[in-house]
Amino acid sequence: MALESINPYYLDMDHYWSALNAAWQHSNRNEIIAKWMEDKFESNVSRVLSERLGDNFCDQPLRVLGVGSGEGYQEIIQMKILKSNFSQISATVIEPSTEQIIKYQNTVAKSSDLGGVDYEWHNQTFQEYMESTGTAKHKYHFITIVHAIYGVGEVEESIKILHEFLEPGGMIFMIVVTGNEGFGKLWTHVPDLKRTSGTSEPATTSYTNSADVKSVLAKYRIAYTQYSYTESLNTTVCFTDSDTVVARLLLDNITIIKNFKESVPDDVFNQVLDFLKRNARVVKGDQGGDKFYLDTKSDILVISK
């Protein structure tokens, strides 16, 4: 099968969000991230950011940039916590999916505890935003990019640009999978997945993990603090009935390939299923019917300027 026929799933926003929503319904990612935010974001991020920006900052709004914001689930939690240290916030949201940005706007409109947060909406990709603004036009005190580094472009250049966007004392909050568990380990151990960028060249952006990001940060001597968490994805249906819509969407999300089962050669498909089963955490059912979970570790990188 020609590799040119295989494309990352995020090139089709509707398909991307269908796959991501299927994964969310079968995982605890949102709950795990929300719990981390509620327990640790104020002390490890918001309060530290306030101290870094200093006492002279109180007369201006905190300028926040959200990259790949989706429907705003994590960002709204962040905004509410940031308000404990910053009375005024000017938030710029970049999200290429029209459906998701409308959901975000509707949630904001219905919320009674986002007073003092002013939003500017950009229904476009990060690359399009860059082309229309450049790094010089806007600077931010806080940038949040949660599991979105995979699709913003070449990782080194993207991190350099994001860091240039920061005001002195500012911080980037980034979440990205590691390369030694779950998703990240799969991408490393099934190398044929990396030749699916729509060309005959290996993909360099879709399969970014935290080691790639930390390598860039080390190269440019950019300071960061690291935290971690582990999420679980129920992959049982991928083995019991891989022809269902849900199973196909889960596999698309895991591999970052649109229509993965139909698009890749049988040997690649079988390599992925074999990996998922060998690396699964198995939960025995009372009446039989074991459940399989893919545990994925992600790093939270709080990057400073």
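A word on naming: helices (H or I, at least four residues) and strands (E, at least two) are DSSP runs, numbered from the N terminus. Residues are numbered from 1 along each chain as its sequence is written.

Confidence, then. pLDDT is the predictor's confidence in each residue, on a scale from 0 to 100. Its mean over the protein is 88, with 90% of the residues at 70 or more. Strand 4, residues 140–146, has the highest confidence, at 97, and helix 5, residues 126–137, the lowest, at a mean of 77. Residues 196–205 have a pLDDT below 50, and this stretch has 27 contacts in the model beyond near neighbours in sequence. Contact here means heavy atoms within 4.5 Å. Where pLDDT is low, the predicted coordinates should not be read in detail.

Next, the loop between helix 10 (245–255) and helix 11 (260–263), where Ile-256 is placed. The phi of Ile-256 is near 60°, a positive value in a residue other than glycine. Asn-259 lies in that loop between helix 10 and helix 11, and although it is not a glycine, its phi is positive, about 50°. For exposure, buried means under 20% relative accessible area, exposed means over 50%, and partly exposed is in between, using a 1.4 Å probe and protein chains only. Which of these classes does Asn-259 fall into? Asn-259 is partly exposed, at 29% relative accessible area, whereas Ile-256 counts as buried at 5%.

On to aromatic pairs. Rings of Phe, Tyr and Trp (its six-membered ring) pair if their centres lie within 6.5 Å; planes under 30 degrees apart are called stacked, over 60 edge-to-face, and the rest tilted. There are 16 such pairs in the structure. One of them, Tyr-140 with Phe-165, is stacked, with 5.8 Å centre to centre and 25° between the planes. Tyr-140 is in strand 4 and Phe-165 in helix 6 (residues 155–165), so this pair ties together parts that are 25 residues apart in sequence. Both Tyr-140 and Phe-165 are buried. Phe-260 and Phe-269 form a tilted pair, with 5.8 Å between the centres and 35° between the planes. Phe-260 is buried at 0% relative accessible area, and Phe-269 counts as buried at 10%. There is also one aromatic cluster made up of Trp-36, Phe-41, Phe-142, Phe-173 and Tyr-227.

Staying with helix 6, His-163 is found there. His-163 is buried, with a relative accessible area of 16%. Leaving aside residues up to four places away in sequence, His-163 touches Ile-172, Ile-222, Ile-303, Ser-304 and Lys-305.

Eight of the 10 residues of helix 3 are buried, so the helix counts as mostly covered. Among the buried ones are Gln-74, Glu-75 and Met-79.

On a 1 Å grid over the protein atoms alone, a cavity is a set of points where a 1.4 Å probe fits but cannot get out; a pocket is an open set with protein on both sides within 12 Å along at least five of seven lines; and lining residues have an atom within 4 Å of a point. Grid points are joined across faces, edges and corners, and a volume is the space filled by probe spheres set on the points.

How many cavities of 30 Å³ or more does the structure hold? It holds one, and the largest cavity contains about 50 Å³ of space. Its lining is Leu-20, Ala-23, Ser-27, Arg-29, Phe-183, Glu-231, Leu-233 and Asn-253. Helix 1 (13–25) and strand 6 (224–234) are the elements that give two or more residues to it.

The largest pocket has a volume of about 740 Å³. It is lined by 38 residues, of which Tyr-16, Gly-68, His-147, Ala-148 and Gly-151 are the closest to its centre. Helix 1 gives the largest share of that lining, five residues.

Key:
Predicted model: local features only at pLDDT ≥ 70, side-chain atom pairs only at ≥ 80, totals over all residues. Heavy atoms only, no water.
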